[in-house]
Amino acid sequence: EFSGSEKYTDKELSEYLFPTKKSANPFVFWFTSRFKEHVEIPFVEAYDVELDGLSHFNVTFYEKSLVGYVEYMGSYKYFDKDGIVVESSSRLIEGVPFVTGIDVDYIVLHSKLPVEDDKVFDVLLDITQLLNKYEIDVDKIFISNELEIRLYLNKIRVELGTKKDLSEKIMDLRDILPNLSDVSGVLDMKILDVNGNGYTLKKD
């Protein structure tokens, strides 16, 4: 019985854990999980195996924390909140935003993205946490050299400006989005609307 994984189906996890018929034997699996190195699974940091009876196991997976990804050399490079590249894959993971505006000359797995200003990772962590909190799915996040944020959602580009008042802006965005489902254009939210006058929308 598997738990903790949102990126894989049970069938996919079984294929990683039991590549051969022998490895699926309950006693073999129990022994290897206790005394040998665990199988490496992309996007999984670790997993625990608990025995429940003679032939039933509970396997709990702990997935890697992903803030975003960049495209480089034909693959997706996923990184965490500190900017460490934790995975390189041809697989596109749903719910992890594509990040642009980060210019890098090289990328090394398990090393930090070589950016000019590390503050970009603080901005990314803040924006991704808020987007998750308010359940807003974005196609892409752009961060400029001045650390200004632009979001891409379907046909709408949202100019958020800097991280100042970011939480309030994202909360406003959540309320605005249902009215923009069929609209194409730019929504300017650089200045927080505190007087109820609304934000500026420039349609394409």
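Author: The account below begins with strand β9 and then turns to other parts of the chain.

The model is a predicted one, in which local features need pLDDT of at least 70 and side-chain atom pairs count only at pLDDT 80 or more, while totals for chains, interfaces and linings use all residues. Residues are numbered from 1 along each chain as its sequence is written, and side-chain values use heavy atoms, with hydrogens and water left out.

Strand β9 spans residues 149-153; helices (H or I, at least four residues) and strands (E, at least two) are DSSP runs, numbered from the N terminus. In a regular strand the side chains alternate between the two faces of the sheet. In β9, the covered face carries I149, L151 and L153, while R150 and Y152 belong to the uncovered one.

Two strands are said to pair if DSSP finds at least two bridges between them. Strand β9 runs antiparallel to β8, to which four bridges join it, and I141 has L151 as its bridge partner in β9. The hairpin of β8 and β9 has five residues between the strands, and in its turn L147 shows a positive phi of about 65 degrees. With β10, strand β9 pairs over five bridges, again in the antiparallel sense. There L151 stands opposite V158. Two residues lie between the strands of the β9 and β10 hairpin, where N154 has a positive phi near 55 degrees.

Strand β8 also has two faces: I141 and I143 are on the covered one, K140 and F142 on the uncovered one. Strand β7 (residues 98-100) runs parallel to β8, joined by three bridges, with T100 opposite F142.

Leaving aside neighbours within four places in sequence, L151 is in contact (heavy atoms within 4.5 Å) with a set of residues including I127, L131, V138, I156, I170 and L173. A nonpolar core is a set of buried Ala, Val, Leu, Ile, Met, Phe, Trp, Tyr and Cys residues joined through side-chain atoms within 4.5 Å. Buried means under 20% relative accessible area, exposed over 50%, and partly exposed in between, with a 1.4 Å probe and protein chains only. The largest such core has 38 residues, of which I127, L151 and I170 touch the most other members. At least two residues of this core come from each of α3 (119-133), β8 (140-143), β9, β10 (156-161) and α4 (166-176). The greatest share is that of α3, with seven residues.

Elsewhere, an open sheet of mixed pairing has three strands in the order β1-β3-β2. Because β1 (2-3) and β2 (44-51) stand at its edges with a single partner strand each, one side of each has no neighbour in the sheet. Strands β2 and β3 run antiparallel and are joined by seven bridges, with L51 opposite F57.

Residue F43 is in the loop between α2 (26-35) and β2, and counts as buried because its relative accessibility is 1%. K64 lies in the loop between β3 (57-63) and β4 (68-72); at 15% relative accessibility, K64 is therefore classed as buried. Among the contacts of F43 beyond four places in sequence are K64, Y78 and E87. The side chains of K64 and E87 make a polar contact of 2.9 Å, that is, a pair of N or O atoms within 3.5 Å, where within protein one must be able to donate a hydrogen and the other to accept it, and residues adjacent in sequence count only if both atoms are side-chain atoms. A polar atom of the K64 side chain also lies 3.0 Å from the backbone oxygen of V86.
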